Amino acid sequence: MGGPGPESRSPDPPSGAAPARCVTICPGIDTLLRSSRDDRGGLDSCGTDRQLRFLGGEAVTGTADAVFGALKPLVEGIAATFGRSCEVVLHDYRDPERSVAAVAGAVTGRVVGDAMSEIGLRVLAAGADASNEVGYVTRAQDGRLLKCTTLPLRDADGSLIGALCINIDLSAINRATGVLSDLLGLSVSAESPVPATDFSGELDQVIDSLIERAERAHAVPASALGREQRLELVRALHDAGVFALRGAPARVAKRLGISRTGLYNDLATFKKDSELLGNP
């Protein structure tokens, strides 16, 4: 038998191209992400200085695309494993207003192309400090109790690019718990207050929900908030990651009934107060 044929090679990169990492998705193994460089600093272990993704033999640039391409097939599988009470959402943070890149299940009713929720805003604002949030509890706007997990996603350089989220509707479990407790003669402890999360899929609605909480807390419209109350709201919006979005100041200023200059003054005051308190 003859020996193996010559090893196929990728086309030589153009001269002067910037070195990058190589990401390979191997057909038949679902997901294999690999990123490395040799000590000599020029080429990665795949022998090319371009960023590549191989999926079914097709080369596509970008490690972020490789990550999302690898995870999209898992979305349906995870949701199907846990059944109709489970929803899995894949978010691409490169486009916050249309961050939902894939979804399976119907717990929050979102579809591909919807915006991130306030949870996503918070993760996006955390940036490099974003970490896994596993098994936290929130409420949908219709009152259903949800158990959720948010897993930040990063590219080969460690930059935050999105999140994989799993949402479990606990309604059926809570009903079953109540029935079993009645049958066994056990008392059911009262539920602790759980904050609601806006999953509307529209960023303007998410911002409105955050502002409406302040209106309920102070029992006045946002436009009638006093200076200190408004600064408290601006601080809450900042902490929620709202101002990390392009165009958010104009939206918030309109909702508060103030000029953008007025809002920027509030932000400057908030920043100054934070520095005086030693906060970052």
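Start by selecting Asn167, which sits in strand β7; helices (H or I, at least four residues) and strands (E, at least two) are DSSP runs, numbered from the N terminus. You're looking at a predicted model, where local features need pLDDT of at least 70, side-chain atom pairs count only at pLDDT 80 or more, and totals for chains, interfaces and linings use all residues. Residue numbers start from 1 along each chain as its sequence is written, and side-chain values use heavy atoms, with hydrogens and water left out.

Is Asn167 buried or exposed? Asn167 counts as buried because its relative accessibility is 3%. The cut-offs are under 20% relative accessible area for buried and over 50% for exposed, with partly exposed in between (1.4 Å probe, protein chains only). Now show what surrounds Asn167. Neighbours within four places in sequence aside, Asn167 is in contact (heavy atoms within 4.5 Å) with Ser85, Cys86, Glu87, Val89, Val107, Thr108, Arg110, Lys147 and Cys148.

**Next stop: β3**

From that list, pick Glu87, which stands opposite Asn167. Then widen the selection to the strands: β3 and β7 run antiparallel and are joined by 7 bridges. Two strands pair here if DSSP finds at least two bridges between them.

Colour β3 (86-92) by burial and you'll find that 7 of its 7 residues are buried. In a regular strand, side chains alternate between the two faces of the sheet. What covers out on each side of β3? Cys86, Val88, Leu90 and Asp92 are buried on one face, and Glu87, Val89 and His91 are buried on the other.

Turn to the other partner of β3. β4 runs antiparallel to β3, with 4 bridges joining them; click Val88 and you can pick out its bridge partner in β4, Ala104.

**The whole sheet**

Select the strands β4-β3-β7-β6-β5, in that order: they make an open sheet of 5 strands with antiparallel pairing. At the edges are β4 (100-104) and β5 (133-139), each pairing on one side only. Look along the sheet for the twist, which averages 20 degrees from one strand to the next; axes are lines fitted to C-alpha atoms, for helices over the stretch in contact, and angles run from 0 to 180 degrees between N-to-C directions.

Select β6 (residues 145-154). Of its 10 residues, 7 are buried. Here is what to click on either side:

- Toward β7: the two strands pair in the antiparallel sense over 9 bridges, and Leu146 has Asp169 as its bridge partner in β7. They form a hairpin with 5 residues between them, and Gly158 in the turn has a positive phi of about 85 degrees.
- Toward β5: 5 bridges join β5 to β6, running antiparallel.

Now bring in α1 (residues 63-82), which lies across β3, β4, β6 and β7 (160-169) and runs at about 170 degrees to β3. Within α1, stop at Ala66. Ala66 is buried because its relative accessible area is 0%. Draw a C-alpha to C-alpha distance from Ala66 to Ala156: the two are 90 residues apart in sequence and 9.9 Å apart in space.

**A helix pair**

Two packed helices are described by the angle between their axes and the distance between the axes. Which residues in α4 and α5 meet? Leu210, Ile211, Ala214 and His218 in α4 meet Gln229, Glu232, Leu233 and Leu237 in α5. The residues of this contact divide into 5 nonpolar, 2 polar and 1 charged (Ala, Val, Leu, Ile, Met, Phe, Trp, Tyr, Cys and Pro count as nonpolar, Asp, Glu, Lys and Arg as charged, and the others, Gly among them, as polar).

**Zoom out**

Finish with everything shown. The chain has 7 helices and 7 strands, running β-β-α-β-β-α-β-β-β-α-α-α-α-α from the N terminus. Of its 280 residues, 38% are buried.
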